[in-house]
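I opened this notebook to record what I looked up, one entry at a time. The sequence and the model come before my notes.

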Amino acid sequence: MNSISSAMLWELMTRGRWQIPGWFLFGNFLPFLLYAAFHHFQVDFADPAMVAMHVVLLQLTMLIFGLGIVAAQGTLSRLFLLPVSTHRIVAWHFLPGSLLLSLEVSVSLGVQNAYFGLNQPILGPALFAAAAWACAQRLVGQAHRTLRSVLLASVPCVLSFCWFGARYGGWFQQPVHYWRHVTPTEFCTILLGSAACYLLTIKAISRDRCGEHLAVLPIWRAIESGLEQFLAGLFHSKAQFGSATEAQLWFEWRSKGFALPTIVLFVALINAIVVAVRMLVTGNWTESLQDFQKVTLAGGFLLPVVGGLSGLLLGTTSSGVQSRDHSATIRDLNTSGPFDRMGSFPASRPITNRQYATVILQAAVRSVALSWGLWALITIIAAIAGVLTDVPLLPQVSSPIRNWYVPGTLLAAWIGMTSVASAALTGRFGVFSMTFFTGILSLAICNLLLEHYASQQIHQLITATFSILIAFCVTAGTALTFLVALRRSVILPRHGLRCLSFSVALTLLALLLRPPGLAIAAYPWIPAFVALVILPVATTPLAIEWNRHR
Amino acid sequence: MTDATSATDCLVSIERLSRRFDGKLALDDITLHVPRGGVFGLIGGNGAGKTTLIRHLLGMLRAQSGSVRVFGFDPVANPVEVLGRTGYLSEDRDLPNWMRVHELIRYTRAFYPAWDPNYAAELLDAFQLDAQAHVKSLSRGQRARMGLLIALAHRPELLVLDEPSSGLDPLVRRDILGSIIRTIADDGRTVFFSSHLLDEVEQVADYVAIIHQGRLMLNSPMDYIKATHHRLTLRFSSALSKAPALSGALTVEGAGQEWTYTCHGESARLHHEAETLGARIVDEASLTLDEIFVSQVLR
């Protein structure tokens, strides 16, 4: 290691050796799930709606890949005391980050193209990814961890993504074509945008490095104070809590649980603003309303994903303070982080693991119910608006799953949130996520091999058999987990019985509402899905026990 | 070695506790009994195993071998029974950053039926903490005081402090921490604290245990430790190339006729042994805890 630049690069690659591939797999999870579903239902990939899908998913995956790189790079401020110039710090965050993000986007799109026979462009998105990274770094450099700075720095980010969307059609218009050819003007725009971000970040970091922050306008102070008062009112609680669990529920809800409803509200607001702007720009009310309805319905599909991300937050119990154990080694550099072992503060609360788990589940119930309620309300508003303007909503939900869609979004959001929360509560989230995504990746590769080397009949037979096997494993695994939880006394027998009754009732209901002509291989997935709904009742206390008493 | 107390009538009872982290032995066959009432100081260098031992007391680590009992309960199986009667200040000062000071007090109060709001207010005043301040904006010393406040305000039977002085200024350390620890002990309650600041342990501790590389080197009442550790300078009749063996000697240095020993043992026995070796005691002094620690670790 003969230079600070190479040391920073080494740190990125060492810390990120698991994180970067992990977040890459995570970022690809949703696109693969969606495209696999479309592939299964033989949706035409040449459909213009796929362009919009490509634009939305690409931005989402870019965001997730970027998070992985940011996590691997660590905070900039720790480098402030090193004998290294600000421009070098910024450059060595910009360059590897931009290159990695470009590479991840290229590989991701390339694999999707190869696997599903899509024809998505790669060059434009890859170049944009590099610029987007620069923009994100600018945001980080500017942020100073204050609301006003984040809002201020978000403007170029939003503008850059609007510019990206406009490559697929006009500004504030539905994407209609792929961005296949990068013109010299577009290339120069990306280059100039990146350079501007680089210079602004240097300026911001230089200021941050000597503790000099942006001047605060009085209006910002007023906004921040108002927001704080609003939040204080929102989370207002009694002068004294009635019990330890009541206090802990307040803690979980106030610090983590409200994230999901806030995200749903924020996305709905952005969606409404975008639609309103589009209406004003294009004057096409019908198309804008249809878009609003589509995004709202798709939002239901995204609830489990956002629920999963919020579950990660809900399940995080580690201390914000870096471990100073004597056993800290290079392994800790790779593994310690926000999803590490339970912090000493929560671990030393005098409540049982069962009580703690109940509180976590109560916070999850409240969070999912409120978010889903918000989504349902917005969907109803969209439907009413549609009825009033002759743009019907319900036909947009494909008929085979219509009966399951609305309750499915609720249950899937619950599963998404609680399963990720349980994995995070173990304090070993990295191991779980890597195992999960590696499993998915292995399945995808096996499927690809079968598709190419086996006859269609054999491929279908193996796929169906495997699917049934996995469904049985999920159901049996849930039963086994409950037995373990009962044996370790982390759940009460009466709770186990209630879960059993609930799962039987829900399975029967799902069977009653099943779509006509449901494939045989799909039937075992009904109890498996129901099992996943009740699974957190057993996994949450087990995870807490495993993490709290190592 | 004299144990601090016998296994009966003790608040904390650790029997043959061992712990490994990724193959590295962090605690090696520790047996320790903490008597009810008084101040128990656990001393050791960085990485000696102090925090690991404390985490076992609070049930944050499960005993891999051996057993841990606090108030007669297994802290892993009975967290409410143990943690509800224990106040704990962690080494990392882990507190929820997003809360305000008054919110943290209100939140913590819910966990302890014996919470004394008047005492909490007194401590808030004594520690000069702003009730409206965000925890994240507190300095390290203020965080330590905040942690102390919520550990003390329910008047716990057992107060566990992991490196309590870390981050506290000398004034707070001497006037507040010292007096609090003594007051609790005088109330008949128990303080178990770890530190590597030996002068402060020497001032307040009634019992001391020395831990080094995961092993318990010494575990006795402070008075006994002070009475049984000596520095003896012996003069021999002729120059010696090597110091003669003296039972209980921990370290030895010198040359020729004069050799200085740090010893562990009864004074009379050491005198007798020196005479047997044909040496004359030219100087004898008792050791400070700092010197005792160094000699125990270096032996």
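Entry 1. I note that the model is a predicted one.

Entry 2. I asked what share of the contacts in chain A between residues at least 6 apart in sequence join residues at least 24 apart. I found the share to be 82%. I then looked up the secondary structure of chain A and found 18 helices and zero strands.

Entry 3. I turned to the contact between the chains, which takes 26 residues from chain A and 29 residues from chain B.

Entry 4. Within chain B I looked up an open sheet of three strands, whose order is β2-β1-β4 with antiparallel pairing. Which strands stand at the edges of the sheet? I found β2 and β4 (65–70) of chain B there, each with a single partner strand, so one side of each has no neighbour in the sheet. Direction ignored, I noted that neighbouring strands of this sheet are turned by 20° against each other on average.

Entry 5. I followed strand β1 (residues 10–21) of chain B, which five bridges join to the antiparallel β4(B). For B:Ile14, I recorded B:Val68 as the bridge partner in β4(B).

Entry 6. Finally, I looked up helix α1 (residues 50–57) of chain B, which lies across β1, β2 and β4 of chain B. I noted that this helix runs at about 60° to β2(B).

Conventions:
Residues numbered from 1 in each chain as written. Chains lettered and ligands numbered in written order. Predicted model: local features only at pLDDT ≥ 70, side-chain atom pairs only at ≥ 80, totals over all residues. Helix = DSSP H or I, 4+ residues; strand = E, 2+ residues; numbered from the N terminus. Contact = placed C-beta atoms within 7 Å. Pairing = 2+ DSSP bridges. Axes fitted to C-alpha atoms, helices over the stretch in contact; angles between N-to-C directions.
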